[in-house]
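Please read them with the coordinates open.

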Amino acid sequence: MRTSPLLTGLAWLLLCQSMGEALTRLAHVGLPGPVIGMLILVCLLRWKFVREPVGAVADALLAHLSLLFVPVGVGVMTHMALLSQYGLRLLVALVLSTWIGLIVTALVLRATLRRTGASPNAEVLQ
Amino acid sequence: MTDFVQLWVYLSTTPLFGLTATLLTYLLAQAVYQFLGQAPWANPVLWTVLLLASMLSLSGTPYPSYFSGAQFIHFLLGPAVVALAWPLWQRRDELRRRAGPLLCAALAGGAAASASAVAIGWALGLPDELLRSLAPKSVTAPVAMGIAEQLGGIPALAAVFAVLTGLVGAISAKYLFDALGVVPAQIRGFALGTASHGIGAARAMHVNSDAGAYAGLALGLQVVLASVLIPLIARIL
């Protein structure tokens with residue numbers, strides 16, 4: 001029986017995350033464990049035996065990325081007291097800052113791409 | 001009737017309940033989202049969260065007993081962050097070729113979102129603890145929790161703010177970009193990944209594969225930049 005690429009890929013993800021968690025705790029790198037795990041994995045992806053299973057599992061996992069935020073999102077209900085006290089002000093801060101972030105990123109990227117002459121092909125996104 | 005009540009009491013305390021409820025509700029919300037032609041306001045995360053939260057409140061089920069099942073889904077956020085290595089690696093040539101513009105945009109956008117959230121919150125008189133939880137809001141939830149902890153904020157709140165930020169971006173970005181005349185899919189995707197992390201990136205992936213790839217790239221960059229820079233800047237301030 002062939003080993004499943006999904007399981008092998010998941011094992012690589014968990015192994016990298018564990019190494020990341022170990023490194024932040026032992027070496028006090030100051031980066032969250034999964035972030036270090038991601039950086040480790042980027043270096044490992046040059047090898048085909050890592051790349052193939054990781055590609056399969058990463059595509060599957062990232063395709064359902066939004067599902068993974070549901071449990072944390074439902075946690076809003078445990079902060080109702082705080083949210084009813086500051087809810088409107090928090091909402092204003094969250095909405096405006098997100099719009100500012102979107103606008104600044106898009107405009108800076110458009111301007112810098114234009115200057116370097118590496119303008120992306122202007123295909124319309126509906 | 002009492003049998004039914006007993007059955008419910010039993011089921012609602014096993015991990016099976018939280019896991020099943022999350023998956024079924026999400027599948028339902030996903031189907032409605034597809035049926036409505038992926039309208040931004042029909043965002044599946046938004047409606048799944050609203051439905052589940054009202055179901056739990058109405059049935060008097062405490063969040064911890066829901067989470068005992070939902071934690072299995074929640075746990076995958078960590079491996080998903082590691083998995084971001086894949087879109088980064090796939091787009092490494094593009095990243096190298098456009099390193100300057102992409103890094104500039106990621107830095108400027110991430111800094112603008114974080115600084116404006118804290119500044120607006122401060123101007124509106126929000127307490128210090130909340131401001132510290134607002135700072136990492138543009139980063140994907142598990143990383144935002146880690147950063148908030150370092151800053152002395154409340155990790156659980158930081159995660160909620162991150163999810164809300166993701167939803168705001170996923171729902172409103174289309175109208176904002178249309179109004180600004182930002183057309184290229186790559187730029188739209190990159191901005192979504194920078195300012196509203198995984199939920200924005202998921203939206204970008206649904207709409208266009210180019211936008212999705214750039215969103216994944218932006219998401220990975222933002223995770224690294226924010227977890228290095230936000231604690232550093234907070235220490236200096």
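1. From its N terminus on, chain A runs α-α-α-α-α. That is five helices and zero strands. Helices (H or I, at least four residues) and strands (E, at least two) are DSSP runs, numbered from the N terminus. This is a predicted model: local features need pLDDT of at least 70, side-chain atom pairs count only at pLDDT 80 or more, and totals for chains, interfaces and linings use all residues. Residues are numbered from 1 along each chain as its sequence is written, while chains are lettered from A and ligands numbered from 1 in the order in which they are written.

2. Chain A has 126 residues, and 42% of them are buried. A residue is buried if 20 or more other C-beta atoms lie within 10 Å of its own, exposed if 12 or fewer, and partly exposed in between, with C-beta atoms placed from the backbone. Among chain A contacts between residues at least 6 apart in sequence, 43% join residues at least 24 apart. Two residues are in contact if their C-beta atoms, placed from the backbone, lie within 7 Å.

3. Chain A is assigned domain 1 (5–63) and domain 2 (73–116). Such bounds come from an automatic or database domain assignment. The C-alpha centres of the two chain A domains are separated by 29 Å.

4. Helix 2 of chain A deserves a look. Its twelve residues reach 17 Å from first C-alpha to last, close to the 16 Å expected at 1.5 Å a residue. The expected span is 1.5 Å times one less than the number of residues. Buried residues of helix 2 of chain A include Gly33(A), Pro34(A), Val35(A) and Ile36(A). Gly37(A), Met38(A), Leu39(A) and Leu41(A) are buried there too. What covers the buried residues of this helix? Both chains contribute: the cover includes helix 1 and helix 3 of chain A, together with helix 5 (77–83), helix 6 (85–90), helix 10 (141–151) and helix 13 of chain B.

5. Now the interface. 66 residues of chain A are in contact with 95 residues of chain B. On the chain A side, the elements giving two or more residues are helix 1 (5–27), helix 2 (33–44), helix 3 (48–63), helix 4 (70–74) and helix 5 (80–116). Helix 5 of chain A supplies the largest share, 24 residues. By class, this side has 48 nonpolar, 15 polar and three charged residues. Ala, Val, Leu, Ile, Met, Phe, Trp, Tyr, Cys and Pro count as nonpolar, Asp, Glu, Lys and Arg as charged, and the others, Gly among them, as polar.

6. Chain B has 13 helices and zero strands. Its radius of gyration is 19 Å, close to the 18 Å that the globule rule gives for 237 residues, so chain B is as compact as a globular protein of that length. The radius is taken over C-alpha atoms, and the rule is 2.2 Å times the number of residues to the power 0.38. Along the principal axes, the C-alpha atoms of chain B fill a box of roughly 65 × 40 × 35 Å. Of the 237 residues, 52% count as buried. Of chain B contacts with a separation of 6 or more, 62% come from residues 24 or more positions apart.

7. Chain B divides into domain 1 (2–75) and domain 2 (81–236). Six residues from each of these two domains take part in their contact. The domain 1 side has four nonpolar, two polar and no charged residues. The C-alpha centres of the chain B domains lie 26 Å apart.

8. Leu52(B) sits in helix 3 (residues 44–59) of chain B. Is Leu52(B) buried or exposed? Leu52(B) is buried, because 25 other C-beta atoms lie within 10 Å. Leaving aside neighbours within four places in sequence, Leu52(B) is in contact with Val74(A), Ala21(B), Thr22(B) and Thr25(B).

9. Leu151(B) belongs to helix 10 of chain B. With 21 C-beta neighbours inside 10 Å, Leu151(B) counts as buried. Beyond four places in sequence, its contacts are Arg132(B), Ala135(B), Pro231(B) and Ala234(B).

10. Check helix 13 (residues 209–236) of chain B. Its 28 residues reach 40 Å from first C-alpha to last, close to the 40 Å expected at 1.5 Å a residue. A kink of about 30 degrees is centred on Ala226(B) in this helix. The bend at a residue is the angle between axes fitted to the seven residues ending there and the seven starting there.
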